[in-house]
Amino acid sequence: MAKRKKQSSQRSIWIKRILVALGCLAAGALVYISYRVFGPNTKAFGDSKFFYVHTGSTYANVLDGLEDQGIVRNRNSFNWVAKELGYPSRVKAGRYKITRGMSNFDIVKLLRSGKQTPVDLVINKLRTKDDFVHKISLNLEADSTALRAIMSDPVYLRQFGLDTNTVMCAVVPNTYEFYWNTNAETVFKKLEKAREDFWTDERKAKAKALGLTPNEVTALASIVEEETNKNDEKPLIASVYLNRYRKGMRLQADPTVKFALQDFALKRIRENHTLFDSPYNTYRYAGLPPGPICTPSTKSLTAVLNTPETDYLYFCARSDFSGYHAFAATYAEHLVNAKAYQAELNKRGL
């Protein structure tokens with residue numbers, strides 16, 4: 001009897017030990033699984049980093065991208081969690097903000113949701129269609145070839161009142177919010193919509209009062225934009241060119257020569273430059289250029305729309321090197337201003 005009690009007691013002890021061991025193993029497994037799911041799994045980077053999933057990407061592409069873009073530390077643990085949460089069949093393109101220390105669960109949940117972080121695209125002065133395409137392709141997934149095709153298609157552009165020369169009128173400098181994976185046509189249509197919103201009935205009426213269309217206002221404003229950085233002087237610059245335009249004089253705007261030559265590094269326009277044959281060269285051709293020579297700011301557009309009545313036909317840089325200009329109504333006055341500026345250049349050895 002005593003022997004059986006002793007054996008039973010020993011069995012109980014072993015059962016308890018086994019149960020404790022199994023409990024420890026289960027707890028350890030639970031901790032391990034919890035860590036794989038909820039523990040941090042990002043590589044060492046700053047506070048955050050953007051992960052890009054291209055349109056048409058497969059789950060295999062995502063896994064490779066997480067490694068190639070330096071996002072996850074352990075690919076296998078991410079893969080396990082992703083499969084458990086059904087992500088491989090729910091890949092969504094986009095730009096996702098990954099914060100340092102995020103877990104596999106957090107990353108998978110974000111990617112699966114498709115809640116990407118928008119791009120704040122800042123568009124300032126751009127001179128050419130290529131500049132614009134480069135700006136877009138540098139910041140968005142939009143295909144550069146498709147965007148060039150849109151901007152070179154006169155039939156497509158006609159619906160917006162544009163052609164291949166005036167197409168850059170559609171780009172009004174501002175900050176625009178896009179999803180990174182926005183396609184080329186959607187990008188263009190959003191910018192065109194912003195242009196439509198800018199051209200209110202009031203602004204259209206002001207353009208009409210000047211005898212100009214909105215596209216012509218943009219072309220004139222682009223010259224003003226290139227002539228000065230002084231916003232308070234822009235209306236006077238606009239008045240010079242508008243007065244010349246109305247009199248049938250050639251605008252003789254140096255920035256149009258640079259655009260015609262596609263040489264924006266030119267410091268001084270010489271006679272041989274003005275002979276270059278291009279409809280954008282306002283030394284050779286009267287009237288406004290066939291399209292804008294840059295994307296003018298809204299301040300330049302507003303300056304043209306609010307051009308004051310003046311008799312100015314000429315301007316040149318002031319001799320005080322303030323960045324402002326001296327204006328003149330006659331060529332004789334202009335020569336006096338020009339000589340004063342030239343004298344100061346000689347005095348400074350420039």
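I began with helix 11, whose buried residues pack against helix 10 (214-227), helix 14 (298-305), strand 5 (314-317) and strand 6 (325-328). I am working from a predicted model here.

Next I looked up which residues of helix 11 those are: Lys234, Ile237, Ala238, Ser239, Val240, Tyr241, Leu242, Asn243 and Arg244 are buried. The helix runs over residues 234-247 and reaches 20 Å from its first C-alpha to its last, close to the 20 Å expected. Just past its end, I noted that Gly248 takes a positive phi of about 80°.

Then I turned to the cores. The largest nonpolar core has 29 residues, and Ile123, Phe132, Ile136, Met151 and Phe188 touch the most other members. Among the elements giving two or more residues to this core are strand 3 (119-123), helix 5 (129-139) and helix 6 (144-151). Helix 8 supplies the largest share, four residues. I checked Met151 on its own: beyond its neighbours within four places in sequence, its contacts include Phe132, Leu157, Met168 and Phe188. There is also a second, separate core of 27 residues, which includes Phe198, Leu212, Tyr280 and Leu301.

My last stop was Asn41, in the loop between helix 1 (2-38) and strand 1 (48-53). Is Asn41 buried or exposed? I count Asn41 as buried because its relative accessible area is 3%, and the cut-off is under 20%. Its side chain makes a polar contact of 2.6 Å with the side chain of Asn104. A polar atom of the Asn41 side chain also lies 2.8 Å from the backbone nitrogen of Asn74. Among the other residues that Asn41 touches, I listed Ile71, Phe78 and Met102.

Key
Residues are numbered from 1 along each chain as its sequence is written. This is a predicted model: local features need pLDDT of at least 70, side-chain atom pairs count only at pLDDT 80 or more; totals for chains, interfaces and linings use all residues. Side-chain values use heavy atoms; hydrogens and water are left out. The expected span of a helix is 1.5 Å times one less than its number of residues. Buried means under 20% relative accessible area, exposed over 50%, partly exposed in between (1.4 Å probe, protein chains only). Contact means heavy atoms within 4.5 Å. A nonpolar core is a set of buried Ala, Val, Leu, Ile, Met, Phe, Trp, Tyr and Cys residues joined through side-chain atoms within 4.5 Å. A polar contact is a pair of N or O atoms within 3.5 Å; within protein, one must be able to donate a hydrogen and the other to accept it, and residues adjacent in sequence count only if both atoms are side-chain atoms.
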